[in-house]
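Me: I'd like to walk through this model with you, one question at a time. Could you have a look along with me?

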Amino acid sequence: MPAGMKPLVAVVAWAFVAHGMRRQARSLTSHCKPWLLLCAASMCQAVPAAEWVKEPANAARRAELISLVRQDCGSCHGLTLKGGLGPALLPASLKDKPADSLKWTILQGRPGTPMPPWQRFLSEAEADWIVSQLQKGFPGER
Ligand code: HEC
């Protein structure tokens with residue numbers, strides 16, 4: 001093709017592509033009903049709240065809780081949580097105990113025994129998470 005025609009071809013090709021893109025964009029907005037967007041937005045919000053008990057949202061806090069349990073709780077319950085002054089906190093020893101009562105033992109301690117209360121350092125959700133991790137096998141420190 002003659003060299004002079006190249007810019008013309010380029011302009012025609014660009015116009016063709018741009019027109020196609022605009023058509024696509026229009027059909028996208030007409031298909032995305034506002035209620036669908038709202039629904040998707042509310043799902044995004046609902047998930048983290050429901051997941052919290054399973055996993056504290058913040059990885060740094062998770063790491064803190066893991067080292068608290070391994071070090072502070074480990075000083076009585078054994079560094080591998082197999083028991084010491086306090087009983088073992090392994091899945092086999094905890095599996096038949098109700099998670100809720102274990103959580104309150106952690107938060108309020110057991111008066112008359114060396115088990116101290118931790119509610120000044122842990123929220124209820126964090127104690128819940130620790131119990132769920134102990135019952136599955138507590139994660140190691142990284
Ligand atoms: C100063 C020692 C000490 C420390 C520190 C300690 N515990 Fe205990 N814990 C005990 C003792 C002793 C018992 C048993 C109490 C009893 O006789 O009922 C106990 C009981 C428990 C129980 C109940 C176990 C069961 O089988 O019913 C849980 C759960 C527990 N501790 C978790 C923790 C966690 C989690 C931490 C750290 C956040 C912690 N403990 C720190 C001494 C300690």
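Me: Happy to start! What percentage of the 142 residues in the protein chain is buried?
Reply: A word on the source: this is a predicted model, where local features need pLDDT of at least 70, side-chain atom pairs count only at pLDDT 80 or more, and totals for chains, interfaces and linings use all residues. Residues are numbered from 1 along each chain as its sequence is written. A residue is buried if 20 or more other C-beta atoms lie within 10 Å of its own, exposed if 12 or fewer, and partly exposed in between, with C-beta atoms placed from the backbone. By that count, the buried share of the 142 residues in the protein chain is 11%.

Me: What pattern do the elements of the protein chain follow along the sequence?
Reply: Helices (H or I, at least four residues) and strands (E, at least two) are DSSP runs, numbered from the N terminus. The protein chain has six helices and zero strands. Read along the sequence, the pattern is α-α-α-α-α-α.

Me: Which helix gives the most to the shell around the ligand?
Reply: The ligand is surrounded by 23 residues, the closest being Cys73, Cys76, Gly86, Thr113 and Met115. Both α3 (59–77) and α5 (99–108) supply at least two residues of that shell. With seven residues, the one that gives the most is α3.

Me: How many residues of the shell around the ligand are charged?
Reply: Ala, Val, Leu, Ile, Met, Phe, Trp, Tyr, Cys and Pro count as nonpolar, Asp, Glu, Lys and Arg as charged, and the others, Gly among them, as polar. The shell has 14 nonpolar and six polar residues. The number of charged residues in the shell is three.

Me: Which residues of α6 make the contact with α5?
Reply: Two residues are in contact if their C-beta atoms, placed from the backbone, lie within 7 Å. From α5, the contact is made by Ala99, Leu102, Lys103, Ile106 and Leu107. On the α6 side, the residues are Glu124, Ala127, Asp128, Ile130, Val131, Ser132 and Gln135.

Me: Is Ile130 buried or exposed?
Reply: Ile130 is found in helix α6. Leaving aside neighbours within four places in sequence, Ile130 is in contact with Leu65, Val69 and Ile106. Because 23 other C-beta atoms lie within 10 Å, Ile130 is buried.

Me: How far apart in space are Phe138 and Leu89, C-alpha to C-alpha?
Reply: Phe138 lies in the segment after α6. Not counting residues up to four places away in sequence, Phe138 touches Val69, Leu81 and Gln133. Phe138 and Leu89 are 49 residues apart in sequence, and their C-alpha to C-alpha separation is 8.8 Å.

Me: What does Trp104 count as, with 17 C-beta neighbours inside 10 Å?
Reply: The place of Trp104 is in helix α5. Its C-alpha atom is separated by 9.1 Å from that of Gln119, 15 residues apart along the chain. With 17 C-beta neighbours inside 10 Å, Trp104 counts as partly exposed.

Definitions and conventions
Near = placed C-beta within 6 Å.
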